[in-house]
Amino acid sequence: MLHPNVTGIPVPRPTGESAPYWEGCREGELRFRRCASCDLSVFEPRPICPRCHGTDLPWAVSTGDGVVYSWSVVWRPQMPAFDVPYAPAIVRLDDGFDMVTAIVGCEPDEIHDGQRVSVEFHDVDDAITLPFFSLS
Ligand SMILES: [Zn+2]
């Protein structure tokens, strides 16, 4: 069974640009930005739209639903803190952006291309909560 790796792992350090994202994770919301000028969904923390160079990028809340775009199963950890197996993946959200994450809550051979997944959140420590995805 694939479990979220949240114990003893290196944790992200929120920046001024990414802090609202991490606050959202803490509150159970998967946040992203949507360009007010061209409607592009922007997941990476940045102050400028990569398509139209607009600077009005208000935060939005994703449904947290999407599909598995690509994945792998890791059987030998690169760092001892990561329990194996784990399944790093790229999930394509219905809201129009991709994110790197991990699939949890199933057996490794249950993951397939295009499979529906939904976000779930797991606390790492008092400040950081990470999003993972499980099969819908
Ligand atoms: Zn734009």
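User: What counts as a strand here, and when do two strands pair?

Analyst: Strands (E, at least two residues) are DSSP runs, as are helices (H or I, at least four residues), and both are numbered from the N terminus. Two strands pair if DSSP finds at least two bridges between them. This is a predicted model: local features need pLDDT of at least 70, side-chain atom pairs count only at pLDDT 80 or more, and totals for chains, interfaces and linings use all residues. Residues are numbered from 1 along each chain as its sequence is written.

User: How many residues lie between E5 and E6 in their hairpin?

Analyst: Four residues lie between E5 and E6. In the turn, Gly-96 has a positive phi of about 95 degrees. E5 covers residues 87-93 and E6 covers residues 98-103. Six bridges join the two, running antiparallel. Ala-87 has Ile-103 of E6 as its bridge partner.

User: How do strands of a sheet pair?

Analyst: Through backbone hydrogen bonds, either parallel or antiparallel.

User: Which order do the strands take in the open sheet of three?

Analyst: The order is E2-E1-E3, with antiparallel pairing. E2 (41-42) and E3 (59-61) stand at the edges, each with a single partner strand, so one side of each has no neighbour in the sheet. E1 (residues 31-34) is joined to E2 by two bridges. Arg-34 has Ser-41 in E2 as its bridge partner.

User: Which strands pair with E7?

Analyst: E4 (residues 65-71) pairs with E7 (residues 116-123) over three antiparallel bridges. Gly-66 has Val-117 in E7 as its partner. E8 (residues 129-135) pairs with E7 over seven bridges, also antiparallel. There, Ser-118 has Ser-134 of E8 as its bridge partner. E7 and E8 form a hairpin with five residues between them.
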